[in-house]
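Welcome to this short tour. Keep your viewer open, and select each stop as we reach it.

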Amino acid sequence: MWSLGVEEQFYIFWPCLVSIALNVLKKSSFSVLALYTVFSFIFSIVSVFINPKFAFYFPVCRFWQMAVGGLIAYFNLTIQNTKITNALSIFGTFAILTTVWIIDEESLFPGFWALVPTLASACIIQAGQSSFINKYVLSSKPFVFIGKISYPVYLWHWPLLVFSRYLYPQGSKSILGNIPFIILLTVGVSIATYFLI
C-alpha cells in the first residue's frame, strides 16, 4: 500500500501541480515546485523524530524524493563534459552502495539519511546515458533484466518471507523455511510473473 500510495500521489498529484505551476503561475512555477519539495522534506525530518513508522509509510514524507527527480526533469540540463558526468555516476553509485552498509534498523529513515540515496540517484540520472557506469554497467543486459523483474520481486518477496517464517519457524528443517531458498523462489516467481503477466 505504501508503494501504491506514493506512486499514485506522484502520477496524479505531481502532474497536476506541475501543470498548474507552469500554466497559471508561470514565472513562479519553479518556486512553487521547489517549495513543495522542501515542505515534504522538512515534514519528513520532523515526522521521523516523532513517529519513524509514520514517516516511512506516509506518502507526503517520501514525496520529496520523487520530486527531486521531477526537478531534474524541470531543468533538463545536458552536461557535455564527460569527466563531470563520469564523476557524477561514480559518486552516485558509490554513495548508494555505501548506504547499504551504513543505514540500518536504528537509522532514522527517511529523515536526513534519505538524502544520501536520493541525491546519489539524482547524480546518476543527471550523469546521463553516456557516462561510463550508466552506459557499460547499468545499461548492460544483466542489470536491465534485474530492473525488469524488480517490481515483481518487490511484490513477491515479503509475502513469501512472512509465510515462510509463519509456517516454518526457526529450527524447521523444511527447505521452505530456508531464507536463501525463499530468495531464489522469489526470483523465480518474479521472472514468471514478468513474462506471463
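Start with helices H4 and H6 (residues 115-127), whose axes come within 10 Å and cross at roughly 20°. Helices and strands here are DSSP runs (H or I, at least four residues, for helices; E, at least two, for strands), numbered from the N terminus. Axes are lines fitted to C-alpha atoms, for helices over the stretch in contact, and angles run from 0 to 180 degrees between N-to-C directions. H4 and H6 are therefore roughly parallel to each other; angles under 35 degrees count as roughly parallel, over 145 as roughly antiparallel, 65 to 115 as roughly perpendicular and the rest as oblique. Their crossing is right-handed, a word used when the near helix is turned clockwise from the far one by less than a right angle, while anticlockwise gives left-handed.

Now show the side chains where the two helices meet: Trp64, Gln65, Val68 and Ile72 from H4, with Leu115, Thr118, Ala122, Ile125 and Gln126 from H6. Contact means heavy atoms within 4.5 Å. These residues of the H4 and H6 contact are 6 nonpolar, 3 polar and no charged (Ala, Val, Leu, Ile, Met, Phe, Trp, Tyr, Cys and Pro count as nonpolar, Asp, Glu, Lys and Arg as charged, and the others, Gly among them, as polar).

A word about what you are viewing: this is a predicted model, in which local features need pLDDT of at least 70 and side-chain atom pairs count only at pLDDT 80 or more, while totals for chains, interfaces and linings use all residues. Residues are numbered from 1 along each chain as its sequence is written, and side-chain values use heavy atoms, with hydrogens and water left out.

Next, select H2 (residues 29-50) beside H4 (residues 59-75). At what angle do H2 and H4 pack? The angle is about 150°, with the axes 8 Å apart, and H2 and H4 are therefore roughly antiparallel to each other. H2 passes H4 in a left-handed crossing. The residues of this H2 and H4 contact divide into 16 nonpolar, 5 polar and 1 charged.

Zoom in on Ser40, which sits in helix H2. Is Ser40 buried or exposed? Ser40 is buried, with a relative accessible area of 0% (buried means under 20%, exposed over 50%, partly exposed in between, with a 1.4 Å probe and protein chains only). The Ser40 side chain reaches the backbone nitrogen of Trp64 at 3.0 Å.

Move to Arg62 in helix H4, which counts as buried at 7% relative accessibility. Which backbone atom does the side chain of Arg62 reach? Look for the backbone oxygen of Phe56, at 3.0 Å.

From there, go to Ala55 in helix H3 (residues 52-57), buried at 0% relative accessibility. Leaving aside neighbours within four places in sequence, Ala55 is in contact with several residues, including Arg62 and Pro110.

The peptide bond from Phe109 to Pro110 is cis, with omega near 20°.

Finish at Asn76, in the loop between H4 and H5. Asn76 is exposed, with a relative accessible area of 61%, and its phi is near 50°, a positive value in a residue other than glycine. Most residues other than glycine have a negative phi, and most peptide bonds are trans.

Definitions and conventions: A polar contact is a pair of N or O atoms within 3.5 Å; within protein, one must be able to donate a hydrogen and the other to accept it, and residues adjacent in sequence count only if both atoms are side-chain atoms.
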